[in-house]
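Good morning, and thank you for making time for this item. I shall go through one model this morning, beginning with the fold of one chain and ending with the contact between chains.

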Amino acid sequence: MGNVKRSPWLLHYDGSSCNGCDIEVLACLTPVYDVERFGVINTGDPMQADIFLITGGINTQNQAVVKQLYDQMPKPKVVVAVGVCACTGGVFKDCYNILGGVDTTIPVDIYVPGCAARPQAIIDGVVKAVELFQKRSDEMEQKKKESRKEQK
Amino acid sequence: MTYRVIGVIAYLLLAPLLGGLLNGLDRKISARMQGRIGPSILQPFYDVRKLFSKQFIIVNPAQTFLILSYVLTLVFTGCMFFAGSDLLLCFFVLSTGATFLMFAACVTNSPYSNLGASRELVQIMSYEPAVLLTCVGFYLATGSFNVSDIIQSKMSAIFMTPGFFAAFVFILTIKMRKSPFDLSTSHHPHQEMVKGVTTEMGADNLALFQLSEWYETVFLMGVVGLFFINENPWSYLVAILAILAVYFLEILIDNTSARVKWDTMLKLAWGVTLFAAGTNLIILMIAR
């Protein structure tokens with residue numbers, strides 16, 4: 001089993017949030033919190049990302065974009081919803097264009113509450129996501145081995 | 001002959017190791033310069049290990065072939081260099097490899113990687129004169145293009161070619177895709193063109209690209225060392241110190257400068273090449 005949890009690369013997408021959570025996500029990269037010490041890289045490329053970090057709720061316009069980004073990410077992948085808007089829709093829940101949380105569009109694995117979510121909570125969520133990422137990676141390799149055995 | 005074989009085998013096996021460590025050191029020192037703790041020095045190896053285990057999504061199958069060609073030509077360049085072969089030929093093969101990378105970026109039709117590819121072309125245009133002049137400098141200083149002859153010379157090439165060395169170190173920033181000349185593949189935090197040439201590369205292909213970067217770094221650092229090596233065995237120590245100093249300088253430049261536009265890069269690179277290497281060339285020609 002390879003150790004992949006030392007190198008989780010994040011894809012950060014802002015749904016329809018107020019930017020509060022986004023600023024906190026970026027704060028995690030600053031010298032105070034420095035998530036790069038865990039090997040985390042904030043990449044802009046879905047093809048190279050492992051963890052999909054979404055802030056803000058899903059609206060009619062960004063639903064297709066979120067789906068597209070999720071589909072472009074190679075397996076194994078983990079989705080983290082950051083902030084109460086991404087979890088449930090938050091204060092925007094009853095707006096005419098808001099569909100709700102991220103789980104209305106793609107399967108969410110980790111929910112990080114807060115308005116705005118604190119950097120500590122975000123890092124905690126990412127650490128949980130990294131464990132899940134390792135687990136899924138192990139499962140994928142197991143499957144690969146089994147299918148190879150069957151072929152033989 | 002045995003020396004040549006040892007050189008090639010050592011390069012094939014040790015270059016990814018050394019290149020990866022240098023890359024890890026780069027990230028660590030960069031982090032410290034920004035007041036962060038930074039990742040472990042082995043981080044690049046963890047990244048590549050992970051990339052090889054990811055699902056392999058590919059837009060155009062031709063990309064894998066082109067990336068493989070890129071890696072092979074780069075490895076071939078380094079092998080020729082460490083086998084003590086012709087320096088001029090090494091750089092010609094290296095340029096051939098660079099075109100493979102551009103094609104690999106172009107075949108996917110993504111606007112970001114196309115933009116990266118065209119910027120890569122401008123980068124090649126910027127650094128190529130300095131690279132060729134460096135070879136000429138070595139020839140004028142030692143009377144040979146062969147690496148095996150250059151390292152046997154009585155005096156280090158640097159005493160005759162400080163201008164060529166300055167030009168080479170300047171274009172090294174472009175060659176290593178470091179800020180202010182990281183036009184074709186932007187650093188991770190700068191995402192205005194996603195990842196440039198590597199935008200559509202994921203999993204295995206990106207891992208191969210990373211490996212090729214390590215091979216290339218070791219080759220380029222070898223050329224830096226070549227300026228300092230002479231028949232005295234102690235000169236190898238001087239060369240290693242010079243390589244570390246140049247690498248540190250690159251990291252420092254990377255962390256203290258913002259990206260420039262392509263035309264500024266072209267003017268700067270050609271200006272420095274013409275001034276530093278050109279002056280040096282004229283002096284050497286007159287002195288002969």
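Read from the N terminus, the elements of chain A follow the order β-α-β-β-β-α-β-α-β-β-α. That gives chain A four helices and seven strands. Please bear in mind throughout that this is a predicted model.

Let me turn to the overall dimensions. Along the principal axes, the C-alpha atoms of chain A occupy a box of roughly 55 × 35 × 20 Å. How does the radius of gyration of chain A, at 16 Å, fit with that of a compact globule? For 152 residues, such a globule would have a radius near 15 Å, so the value for chain A agrees. As for burial, 47% of the 152 residues of chain A count as buried. Turning to contacts in chain A between residues at least 6 apart in sequence, 82% of them link residues at least 24 apart.

Next, the sheet. In chain A, five strands make up an open sheet, and their order is β2-β1-β3-β5-β7, with parallel pairing.

Strand β5 of chain A, residues 78-82, pairs with β7(A) in the parallel sense through three bridges. Within that pairing, A:V82 has A:V112 of β7(A) as its bridge partner. Helix α4 of chain A, residues 119-151, packs on the sheet, where it touches β3 (51-55), β5 and β7 of chain A. The direction of α4(A) makes about 165 degrees with that of β5(A).

Finally, the contact between chains. Here 26 residues of chain B are in contact with 20 residues of chain A. Which elements of chain B give two or more residues to the side that touches chain A? They are α2 (43-53) and α8 (203-226) of chain B. Of the elements, α2(B) gives the most to this side, with six residues. By class, the side of chain B that touches chain A comprises nine nonpolar, ten polar and seven charged residues.

That concludes my presentation, and I welcome discussion.

Technical notes
Residues numbered from 1 in each chain as written. Chains lettered and ligands numbered in written order. Predicted model: local features only at pLDDT ≥ 70, side-chain atom pairs only at ≥ 80, totals over all residues. Contact = placed C-beta atoms within 7 Å. Nonpolar A, V, L, I, M, F, W, Y, C, P; charged D, E, K, R; others polar. Pairing = 2+ DSSP bridges. Axes fitted to C-alpha atoms, helices over the stretch in contact; angles between N-to-C directions. Rg over C-alpha atoms; globule rule 2.2 N^0.38 Å. Buried ≥ 20, exposed ≤ 12 C-beta atoms within 10 Å, placed from the backbone.
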